[in-house]
Amino acid sequence: MVYKIARVAVVLGITYCTDSVLAQQHYGPQAAMEEAKRAVGMTPDPDRGRELYKICVVCHGPEGWGSSSGYYPQLAGQLAVVTIKQLADIRARNRDNPTMFPFSMPSVLGGAQEMADVAAYIAALPMSPLNDTGPGHDLELGRRVYERECAECHGDKAQGDAKEHIPLLLGQHYSYLKRQFAWIRFGKRRNADEKMVKQIQRFTGREVSAVMDYISRLRPPEGKTAPIGWRNPDFPDFSRHNLPAPMLLHEKPAYSPAAD
Ligand code: HEC
Ligand code: HEC
């Protein structure tokens, strides 16, 4: 009997190790898409989501607001299916993110269920009231470009579209939006939407800055933005003293990074 238990334990141990090694080595785009699809159909566990979000806090911040420099995106309020797809793409190296790659691995974050859990937690976080915005002098052009070229996919208020896993863009940091847009346009972000890539090739620099500025100033529906100074009560002991200044988003930064 003891022998049998020991044998089962050894077999389970070996299976577990091989599984996680395989998961790390052969996690290609196909596997990622399938895992994302499974994750979308799962019922998320909010408590587990909160636990898992501890992995993300050091970079994306306890509120999920990222950094106003745009190095770390705001995650709060993003549609769960979008977060799931991005996590899967990052894991599969279908979207390069060397900083975050190790933290997205199955051995750290877990599988489809865990992706669903953390994505649901993020979706429910209220958004930053003071994200990074652009210079504000070309907003009328920004609105026109947005309504003509982007709204059909990203929604009239840049709220995204869960069915098509199209990201919510409203209230995202201006500099992050500009970087992602440039990477999508020049093909560096390989997971991009082909139709979008084609559509945005002919944009001038002025149009890009204007539309991103406009999007960064769109506000979420009532109740989805945190009041100024809000701190996530799930992380009461998180020390912010070591965070770089731009991450302290409870106050408007003295200046926004240059537009170009
Ligand atoms: C070591 C730092 C680091 C950690 C830890 C980290 N991230 Fe990230 N994450 C980044 C950076 C940097 C980017 C932006 C990369 C880029 O510019 O494309 C990013 C981008 C993302 C994006 C894409 C957002 C978008 O709108 O395009 C998602 C989703 C994301 N992270 C989720 C998570 C989750 C969930 C966790 C925790 C399980 C996590 N991250 C942990 C650094 C990190
Ligand atoms: C044909 C549909 C379509 C059109 C038109 C479109 N997009 Fe997109 N966009 C997408 C999809 C789909 C994604 C997500 C791709 C992925 O899975 O990573 C995306 C991603 C993005 C991202 C990255 C968001 C993030 O959080 O990482 C930005 C920024 C963006 N779009 C801006 C724009 C702007 C600005 C316009 C108009 C000038 C536009 N898009 C037009 C479909 C579209």
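Among contacts in the protein between residues at least 6 apart in sequence, what percentage join residues at least 24 apart? It's 81%, where two residues are in contact if their C-beta atoms, placed from the backbone, lie within 7 Å.

Okay, some housekeeping. This is a predicted model, where local features need pLDDT of at least 70 and side-chain atom pairs count only at pLDDT 80 or more, while totals for chains, interfaces and linings use all residues. Residues are numbered from 1 along each chain as its sequence is written, and chains are lettered from A and ligands numbered from 1 in the order in which they are written.

So, what have we got? The protein has 11 helices and 0 strands; those are DSSP runs numbered from the N terminus, H or I with at least four residues for helices, E with at least two for strands. Buried residues are 35% of the 260. Buried means 20 or more other C-beta atoms lie within 10 Å of the residue's own, again placed from the backbone.

Now the inside. The largest nonpolar core has 45 residues, a core being a set of buried Ala, Val, Leu, Ile, Met, Phe, Trp, Tyr and Cys residues joined through C-beta atoms within 7 Å. I84, A119, I122, V211 and I215 have the most contacts inside it. Helix α7 (112–124) gives this core its largest share, 8 residues.

Let's follow V211 for a moment. It's one of the buried residues of α11, and what covers those residues includes α8 and α9. Leaving aside neighbours within four places in sequence, V211 is in contact with G142, V145, Y146 and C150.

C150 takes us to ligand 2. It's among the nearest of the 22 residues around that ligand, along with C153, D193, K195 and M196; near means a C-beta atom, placed from the backbone, within 6 Å. Two or more shell residues come from each of α8 (139–154), α9 (174–185) and α10 (194–199), and α8 gives the largest share, 5 residues.

Over at ligand 1, there are 20 residues around it, with C56, C59, Q86, M100 and F103 nearest. Here α3 and α4 are the elements giving two or more, and α3 has the largest share, 5 residues.

And by class? The ligand 2 shell has 12 nonpolar, 5 polar and 5 charged residues, while ligand 1's has 14 nonpolar, 5 polar and 1 charged. Ala, Val, Leu, Ile, Met, Phe, Trp, Tyr, Cys and Pro count as nonpolar, Asp, Glu, Lys and Arg as charged, and the others, Gly among them, as polar.

Technical notes. A residue is buried if 20 or more other C-beta atoms lie within 10 Å of its own, exposed if 12 or fewer, and partly exposed in between; C-beta atoms are placed from the backbone.
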